[in-house]
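I opened this notebook page to record a few local features of the structure. The entries follow in the order in which I looked them up.

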Amino acid sequence: MLAVLTAPAIGRRADSTSLSPLTSLTELMDPSLRLPVEQSLAARYSEWVAEALDEIQGCFLITDPGIAGHPIVFASRGFLAMSGYSLEEVLGRNGRIFQGAATDRRSVMEIREAIREERTLQISLLNYRKDGTPHWILFHLFPVFGVEDGRVAHFVAVQVPIPRRSRCLRSSAENRHEGGTGRFLVACRNEFRSDYKLGCNPVVELFVDVDNRGKLCLLFLAIFGSSCFLFLESINNKFVSWQCYQNYGSSSTLFHLLLVGLEAEESRHATEQEKEKACDAANSILSTLAHYSKLTGRVISDKRRSEAGISAINSSLVISLGRIKQSFVLTDIQLPQMPIVYASDEFLNLTGAQLSLSIRTPASFLCTISSNLILALPACVLLNSPHLSYSRHEVLGRECWFLNGPDTDADVLHQIRQSIQAEHSCTVRLLNYRKDRSSFWNLFHISPVRNASGKIAFYVSVQMDENAKSNEHGLSPHMRQLGVVGAVKVAVRSLSMCAGPSRR
Amino acid sequence: MMTMTRIPTVLSNYQEDDSAEPRACGRNCLGKCCLPVSKLPLYSFKGDANPRNSSAGTDEPPPDFFLNNLLLGQWEDRMSRGLFRYDVTACETNVIPGGCGFIAQLNEGRRLKKRPTEFRIDRVLQPFDPAKFNFTKVGQEEVLFCFGAGKDRKARFLESATVGEENSSNVVAINVSPIEYGHVLLIPRVSDCLPQQIDPNSFLLALRMAVEAGSPYFRLGYNSLGAFATINHLHFQAYFLSMPFPVERASTQRIPVAKGLCQSGVNISRLLNYPVRGLVYEGGNSLRDLSDVVSKSCMCLQDNNIPFNVLISDSGWRIFLFPQCYAEKQALGEVSQELLDTQVNPAVWEISGHMVLKRKKDFEEATEQYALRLLAEVSLSKARFEEVKAYIFDAIELAESVKEKMEPKKKKETLFQSSALATHHHLVEGCLVLQ
């Protein structure tokens, strides 16, 4: 019998759920994201791009910042082999699942900022495999812009492993005798400790692998003596001690192993070769994507076209808004028809059809499909849910009043318009219509949102179906709506900050 | 034993007023008269030792609940009720051009009342004085919710809970003169009237709040007396800004610890290439370990009468400690009039790189040079910083390793060319060259 134990890889709480590499497996992709994630590449690069990408050597991921949570939409075979994950375990998840306790926080921040600023970044990073073992990589991130709208279509993250070049402690036999690079001290203590019992096995040998900051990863191959209880204590920068509890019949002996003065590995630098390897892979991926994007007409480039894309909504704002899991839209009030410039997934679901199946294509004609017929649609119309809710493309650009219908109270609409004029927020209850023309009572709240210049840039409107569950986690529906407003205000204000005095 | 030279009590002109006029009691205040029988919303967090490792259970509020729904939502509610002096989102803000990324804001509404300071600024430890303004005089409508450890293993929110006598009297209240959206005050054990001093439990609570918010852009800050705290009643500030602060981007150098003990698992580094010298605390085997090392360091500074500021960042993973000396210099007349005219008191946010400017002219002409010059005045000199560091290490029972084996991180190749502050405290022209 062999016991193989690894130090628990400690996860961390980033700006949304982030679990340790070991426990993250229990959480699969959010089912409502499945379709957008699977369609993400095909919609822009056609069905054949996946094959072409599979032929590129190397470890890389492709993520889509336009989908809530900024998920992974493609993982190369090399990446899956290197990380130990399967494709299902990785698709739809955010890239931070590969980070762990010893990952340098400043590096994490740099990646976050590069994504926000939509630029290329090359950085050494400590990542964690599925089995919890850490490894160093050269992480090369670059954005891919849609030529037409100037927005980031995808981010590509190339990873080149940086092998260990410093010493590590290998042989425990060596260490037990305080030889070689090991600086073990073995001390015996007669102490009884009955907590922290782990599965015990006849023989275990300690294999110590040192990673960044001296966090140790222990692989037990055999244990010495007879039944043994093991637990870990005080794993930290400079030393680790194990309490190794051995039961010799009635008496008990505690072996206290002290590893003193380990050199912690704070960073690992990539060689020029490794950097070149990363750039080469990046170029191959880019040219593949560029080539296939021509097939759908949604051409991409590695540079943003200067005039396009300084749109009201940049991709970092989209990413931030995507974290708000409630129904809301943002309208741009600077344009006369007040079009919708952002709609959350929950809005699309809320206003979606409940009964009949009808699709409206951009050409605006109705057609009914039965469950047997599949109508081929242009790639830009994506079906978001089995209920056939509005697709994002059907909603963006429409004027914000499109949920209203014949029985919507005109006085209430007037009240809303007045509030907008007065630059105030307001809360009303009005009758709205879904895609299938069924109506529902909408608890509607609208509020002005200013950007960094201090002037109003958008209005955020939050919708809530009156019949929906009322008090979630103790918070009233109105409070939850206000929560959306607060989160949107913060996102818009922070993310519209740019260098220099405002020009508006 | 280092002490600040005794100077006459300075009537500080630059004092913010955190609340409306003090209320007579019977009006739902936060004192012992009203609070124990009041009902306020209560957020109780999980009582676990290592919240940074855990994730939300199924019937618990989701991870963004605390920050988005609760804190920001409640804040928005108070905005709609007109409880703030001005709309902070109408204040223009931008990033000052240059490599550091200082953030400037034009906030004319935060014009300070010319009112004498209510306590001396040359002492870091001063006893609480109930006659002076304190948070028990604040009305309950300014409280967003109470915040404390729950008894069970689940985070929980109750819209209305009796405050009672236990630890649920830690309150989160709005700052009526906010410097950003969501600017709140965390007041531990409000009715116990603790003076503005760090103690282990309060610091742990503050750290806990950063963890609960779960966003690297929601930071907490603390100013000691003498480092521009304006009210001698224990409080931390917090707000949300979705950008990195310049100090968070600065490179750091790990301080190697002599072979032996570092039981807590906390790493301490010094800031490099940043105008204010400071220490960065990271890691820790548990949140309590990190909290205790930092609070011990702060208490050491308090005992030595060294004013300081603390920034809790990166959801509680990184904590910055800045000993400072600006107030002393100001009192001794050693700060240039030009800097004084901008009326910026370098408290924790300014030190971290967020400058709130009160005059349009200052905002429009804000340069990186200005920010660097101001902050250079705040920093301890190299020699004094080393001294202070030695006190701190002594207090937390660490010995710095003599062999400086670690190479400073060469990641961004930033060269800080400002010389160490001269003994005569002349204005130092510092310049930061970034490649």
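Entry 1. The model is a predicted one. I looked up the burial of Ser453(A) and noted a relative accessibility of 10%, so this residue counts as buried, the cut-off being under 20%. I then located Ser453(A) in the chain: the residue sits in the loop that runs between strand E18 (439-450) and strand E19 (456-462) of chain A.

Entry 2. I looked for polar partners of Ser453(A). Its side chain forms a polar contact with the side chain of Asn451(A), at 2.6 Å. A polar atom of the Ser453(A) side chain also lies 3.3 Å from the backbone nitrogen of Lys455(A).

Entry 3. I turned to helix H1 (residues 65-80) of chain B, which packs against helix H12 (residues 477-495) of chain A at an angle of about 90 degrees, the axes being 7 Å apart. The two helices, H12(A) and H1(B), are therefore roughly perpendicular. I listed the residues that make the contact: H12(A) contributes, among them, Met479(A), Leu482(A), Val485(A) and Lys489(A), and H1(B) contributes residues including Asn68(B), Leu72(B), Gly73(B) and Asp77(B). By class, the residues of this contact divide into seven nonpolar, six polar and four charged.

Entry 4. I examined H1(B) on its own. I found 15 of its 16 residues buried, so H1(B) is largely enclosed by the rest of the structure. The helix H1(B) has a kink of about 25 degrees, centred on Gly73(B), and Gly73(B) is also one of the residues in the contact with H12(A). Just after H1(B), I noted a positive phi of about 75 degrees at Gly82(B).

Definitions and conventions:
Residues are numbered from 1 along each chain as its sequence is written. Chains are lettered from A and ligands numbered from 1 in the order in which they are written. This is a predicted model: local features need pLDDT of at least 70, side-chain atom pairs count only at pLDDT 80 or more; totals for chains, interfaces and linings use all residues. Side-chain values use heavy atoms; hydrogens and water are left out. Axes are lines fitted to C-alpha atoms, for helices over the stretch in contact, and angles run from 0 to 180 degrees between N-to-C directions. Helices (H or I, at least four residues) and strands (E, at least two) are DSSP runs, numbered from the N terminus. Angles under 35 degrees count as roughly parallel, over 145 as roughly antiparallel, 65 to 115 as roughly perpendicular and the rest as oblique. Contact means heavy atoms within 4.5 Å. Ala, Val, Leu, Ile, Met, Phe, Trp, Tyr, Cys and Pro count as nonpolar, Asp, Glu, Lys and Arg as charged, and the others, Gly among them, as polar. Buried means under 20% relative accessible area, exposed over 50%, partly exposed in between (1.4 Å probe, protein chains only). A polar contact is a pair of N or O atoms within 3.5 Å; within protein, one must be able to donate a hydrogen and the other to accept it, and residues adjacent in sequence count only if both atoms are side-chain atoms. The bend at a residue is the angle between axes fitted to the seven residues ending there and the seven starting there.
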